[in-house]
Amino acid sequence: MKGIPVADRWFRSERLDDGVRLIWEHHLSPDVHCNIWFIEGRDRNLMFDSGMGVRSLKQELAFLSEKPVVCVAGHSHFDHMGGHWEFEERVGHAAEADIMAAPTCDNTLAADYIEPHHFSALPHDGFTCDSYRLKPAPLTRLVDEGDVIDLGDRVFRVLHVPGHSPGSIALLEEATGLLLSSDCLYDGNLLDELWHSNIPDYLESMARLKELNVRTVRPGHYDSFGKDRLKDLADDYIAGHRKPGCPND
Ligand SMILES: [Zn+2]
């Protein structure tokens, strides 16, 4: 990766409405960097997903140290959980607890998806794709369908939405209709043929998601969208897996 400069700042953040911030690794191509969602609460703040973990989030973003942070993993792929090790409270689903505790480039997909052309700058001197490693980030709280993450004045309900991966979770704030969806739903090519993907599970998750009372989806990649687009994306996915000869399934 000779000739690629070292980044001065690695992260960018933007304050959106409803006390939500978007954080992203802006020297990574849009195909690879995930959306890290940060929600301000009265007693605690919430971070949903954490990026690749190649630079310290806390060192670069002072607001992450203002209050305790509940760091939730929407799932255990490298681009979503690489930074979890920095946070004391790490929350996720039991189905991916083993990966969070012992992440490798294979079990987190890094080996398949990190390539030099994804980087417009390097996170540090000497960085190479081959030398990338993930730090263990054992979960300190296991959550499942219906569990609650309470920030004091904001409450998020856990939805278990497997398919992309077995422990994929989304968080729904019922009071505002805000859905944090990680990789179970984004406006792009959805991945359902990974080593631990399951298409029947994905179909069930999509059928559930489209019935939710949602106002804004904050996804794991690409732009946010509303309820109508959620429904279209879910319907498209379901239609794409309809068996030939059964058009009304
Ligand atoms: Zn993923």
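This note covers the aromatic pairs and the charges over rings in a predicted model.

1. Basis. Residues are numbered from 1 along each chain as its sequence is written, and side-chain values use heavy atoms, with hydrogens and water left out. As the model is predicted, local features need pLDDT of at least 70 and side-chain atom pairs count only at pLDDT 80 or more, while totals for chains, interfaces and linings use all residues.

2. Aromatic pairs. The whole structure holds six aromatic pairs. Rings of Phe, Tyr and Trp (its six-membered ring) pair if their centres lie within 6.5 Å; planes under 30 degrees apart are stacked, over 60 edge-to-face, the rest tilted. One of the pairs joins Phe119 and Phe127: tilted, 5.1 Å centre to centre, with 45° between the planes.

3. The cluster. Ring pairs link Phe119 and Phe127 with Trp10. Both Phe119 and Phe127 are buried (under 20% relative accessible area; exposed is over 50%, partly exposed in between; 1.4 Å probe, protein chains only).

4. A tyrosine pair. Tyr186 lies in the loop between β11 (178-182) and α5 (199-209), Tyr222 in the loop between β12 (216-219) and β13 (225-226), so the pair ties together parts 36 residues apart in sequence. Helices (H or I, at least four residues) and strands (E, at least two) are DSSP runs, numbered from the N terminus. Tyr186 is buried at 4% relative accessible area; Tyr222 is partly exposed at 36%.

5. Charges over rings. The charged end of Arg21 sits over the ring of Phe63, 3.9 Å from its centre. That of Lys135 sits over the ring of Trp85, at 3.8 Å from the centre. The test: NZ of Lys or CZ of Arg within 6 Å of the ring centre and within 35 degrees of the ring normal.
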